[in-house]
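I opened this entry to keep track of what I looked up in the model. My notes follow in the order I made them.

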Amino acid sequence: MQRVDPGEPQLDSKREEQRPPGQFVSDEHEADCSRFLQDVKEFIRRRSELGLGRER
């Protein structure tokens, strides 16, 4: 059994492997979109870890 750190956001491995929504002109554009979304998620995760999340 894997221990879960309550401060660590949980990633759903199925969700990470899903294709981005929508119809794409080419497989290359779909791959670019998927890579962009992964980069944004990583950027947000790092900011959250550093305590630089959104403030209201």
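**Surface patch**

I looked for nonpolar patches on the surface and found one formed by Phe36, Leu37, Val40, Phe43 and Ile44, which together have about 470 Å² of accessible area. I note here that the model is predicted.

I then checked Leu37, one of the patch residues. Leu37 sits in helix α2, which covers residues 27-49. Its relative accessible area is 33%, so Leu37 is partly exposed. Patch residues need over 30% relative accessible area, and Leu37 has 33%.

**Helix α2**

I took the span of α2 next. The helix has 23 residues and runs 33 Å from its first C-alpha to its last, close to the 33 Å expected at 1.5 Å a residue. Just after α2, I found Gly51 with a positive phi of about 75 degrees.

**Glu30**

Is Glu30 buried or exposed? I looked it up because the residue is also found in α2. Glu30 has 13% relative accessibility and therefore counts as buried, the cut-off being under 20%. Leaving aside residues up to four places away in sequence, I listed the contacts of Glu30 as Arg19, Pro20 and Phe24.

**Whole chain**

I finished with the totals. The protein chain has two helices and zero strands. Of its 56 residues, 4% are buried. The accessible surface of the chain comes to about 5,900 Å², and carbon and sulfur atoms account for 51% of that surface.

Notes: Residues numbered from 1 in each chain as written. Predicted model: local features only at pLDDT ≥ 70, side-chain atom pairs only at ≥ 80, totals over all residues. Heavy atoms only, no water. Patch = residues over 30% accessible without salt bridge, like charges linked within 9 Å, V, L, I, M, F, W, Y side chains within 5 Å. Areas by Shrake-Rupley, 256 points an atom, 1.4 Å probe, with all protein chains shown as cover. Salt bridge = Lys/Arg side-chain N within 4 Å of Asp/Glu carboxyl O. Helix = DSSP H or I, 4+ residues; strand = E, 2+ residues; numbered from the N terminus. Buried < 20%, exposed > 50% of the residue type's maximum accessible area, 1.4 Å probe, protein only. Expected span 1.5 Å × (residues − 1). Contact = heavy atoms within 4.5 Å.
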